[in-house]
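Colleague: I have some questions about how the terms are applied to this model. Please set each value against its cut-off.

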Amino acid sequence: MVWLFTVIRSTAPYWAWALASFVLLVAWRWPYLVGPAILNPDEAHMIAGAITLRSFPVYWKYVDGTTHGPVVNLFLLAGNTMGVPLNYGGARLVGGLLMIGGLLLSARGLRFVFPERAVRAGLALPIFLWASIAYYDFTGYTSEQPVLFLLFAASWPLLSALAGGSRPLLLQSWQLFAGGFLLKVLGRTPNWKHAGEALAGFCL
């Protein structure tokens with residue numbers, strides 16, 4: 001109810017909407033964080049790759065990522081350095097944070113182009129669906145989550161720069177560079193996943 005209130009009432013502070021969205025996603029998805037059962041063979045494959053890289057940090061020599069590159073595993077390693085275990089629950093926690101962070105970053109970017117109420121209403125359905133869906137391909141850690149996070153992260157500086165306004169030209173130039181750089185990294189298929197190249201090309 002609190003989350004719906006922040007969606008309907010655009011006068012509610014942005015931080016209140018972001019916090020309510022975060023709590024909604026965590027509250028509905030926490031059972032998957034503690035469930036020890038495998039949901040997808042690809043998830044186990046990516047966790048095993050991250051465990052291997054922890055001891056043998058040469059991706060192309062020791063890990064066969066099939067359709068994804070090293071960055072998908074490196075997100076798991078980054079979480080591990082902050083205390084997140086390399087198991088199913090830890091991987092799903094990293095994936096969940098990537099999706100939550102991506103949605104909130106996209107909201108920050110869209111606010112430069114659309115009214116606050118339109119942004120919250122437009123993201124309401126994706127947030128609700130991702131929180132409530134139980135299909136295994138959407139509950140485990142997947143190689144698409146880092147791709148989407150990077151795409152959302154690129155949208156913030158790009159939309160901010162394209163919106164113009166009274167911000168200094170130098171700042172807008174750096175924002176364009178940062179967003180373009182992220183899309184360029186996303187387009188480097190060997191580092192990420194084949195799907196990232198099409199997404200980055202469409203945005204560029």
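Modeller: Axes are lines fitted to C-alpha atoms, for helices over the stretch in contact, and angles run from 0 to 180 degrees between N-to-C directions. Helices (H or I, at least four residues) are DSSP runs, numbered from the N terminus. This is a predicted model, where local features need pLDDT of at least 70 and side-chain atom pairs count only at pLDDT 80 or more, while totals for chains, interfaces and linings use all residues. Residues are numbered from 1 along each chain as its sequence is written, and side-chain values use heavy atoms, leaving out hydrogens and water.

Colleague: Why is α6 called roughly antiparallel to α7?

Modeller: The axes of helix α6 (residues 88-110) and helix α7 (residues 116-132) come within 10 Å and cross at roughly 170 degrees. Angles over 145 degrees count as roughly antiparallel, so α6 is roughly antiparallel to α7.

Colleague: What makes Phe 56 and Tyr 62 a tilted pair?

Modeller: The structure holds three aromatic pairs. In this one, the centres of Phe 56 and Tyr 62 are 5.0 Å apart, with 35 degrees between the planes. Rings of Phe, Tyr and Trp (its six-membered ring) pair if their centres lie within 6.5 Å; planes under 30 degrees apart count as stacked, over 60 as edge-to-face and the rest as tilted. The pair of Phe 56 and Tyr 62 is therefore tilted.

Colleague: Why is Phe 56 called partly exposed?

Modeller: Its relative accessible area is 44%. Buried means under 20%, exposed over 50%, and partly exposed in between (1.4 Å probe, protein chains only), so Phe 56 is partly exposed.

Technical notes
Helix = DSSP H or I, 4+ residues; strand = E, 2+ residues; numbered from the N terminus. Parallel < 35°, antiparallel > 145°, perpendicular 65-115°, else oblique.
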